[in-house]
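Look at the sequence and structure first.

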Amino acid sequence: MTVNSATARYEGLGKTGKGHVATKSGVLDAAYGFTTRFEGAPGTNPEEMIAAAHASCFTMATSFQLAGAGFTDGTLETTCSVTLEKDGDGFKVSKSALTLTGRVPGLDKAQFEELAGIAKKGCPISKLLNCEITLETDFQSA
């Protein structure tokens, strides 16, 4: 079992407040707030961090599925787009869309899609999310 942590601080309230988020490892140390979340200002936002977590977790899970199937080399790249939409008086994350591109010598498209589908279901972040999760694949023969 592993335990990881992050700390978020928000000074001021609502739209005028300014946030700061940092991870224990120090790899993330960024500003966030209303303007970074809804107006494209520099900084991060919760949905971007969820997208990064889902993309990295899913990509690693796919690599382990491929290794477990006997493949030893390849390149995987995943883009994840997380959708935040209005939900009554608030908001909800409604979708996490994964797009995986892969090049793995000796692998065919059908097996690539099968193993990626298993990884999508088994990825710990996929299991955490309570939203629609989609997967598109782009297999490039090596």
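Q: Which are the buried residues of helix 3?
A: In this predicted model, helix 3 spans residues 109–122. Buried means under 20% relative accessible area. The residues of helix 3 that are buried are Phe112, Leu115, Ala116 and Ala119.

Q: How many degrees around the axis of helix 3 do its buried residues cover?
A: The buried residues are Phe112, Leu115, Ala116 and Ala119. An α-helix has 3.6 residues a turn, so residues three or four places apart point the same way.

Q: Which exposed residues does the face of helix 3 turned away from its buried side carry?
A: The buried side is covered by elements including helix 2, strand 4, strand 5 and strand 6. The face turned away from that side carries the exposed residues Ala110 and Lys121.

Q: Which residue caps the N-terminal end of helix 3?
A: A side-chain oxygen of the capping residue lies 3.2 Å from the backbone nitrogen of Ala110. The cap is Asp108.

Q: Is Ala30 buried or exposed?
A: Ala30 is found in strand 3 and touches Gly19, His20, Val21 and Thr44, leaving out residues up to four places away in sequence. Its relative accessible area is 15%. The cut-off for buried is under 20%, so Ala30 is buried.

Q: With which side chain does the side chain of Thr44 make a polar contact?
A: Thr44 lies in the loop between helix 1 and helix 2. Thr44 is buried, with a relative accessible area of 5%. At 2.5 Å, the side-chain partner of Thr44 in this polar contact is Glu48.

How values were computed: Residues are numbered from 1 along each chain as its sequence is written. This is a predicted model: local features need pLDDT of at least 70, side-chain atom pairs count only at pLDDT 80 or more; totals for chains, interfaces and linings use all residues. Side-chain values use heavy atoms; hydrogens and water are left out. Helices (H or I, at least four residues) and strands (E, at least two) are DSSP runs, numbered from the N terminus. Buried means under 20% relative accessible area, exposed over 50%, partly exposed in between (1.4 Å probe, protein chains only). Contact means heavy atoms within 4.5 Å. A polar contact is a pair of N or O atoms within 3.5 Å; within protein, one must be able to donate a hydrogen and the other to accept it, and residues adjacent in sequence count only if both atoms are side-chain atoms. The expected span of a helix is 1.5 Å times one less than its number of residues.
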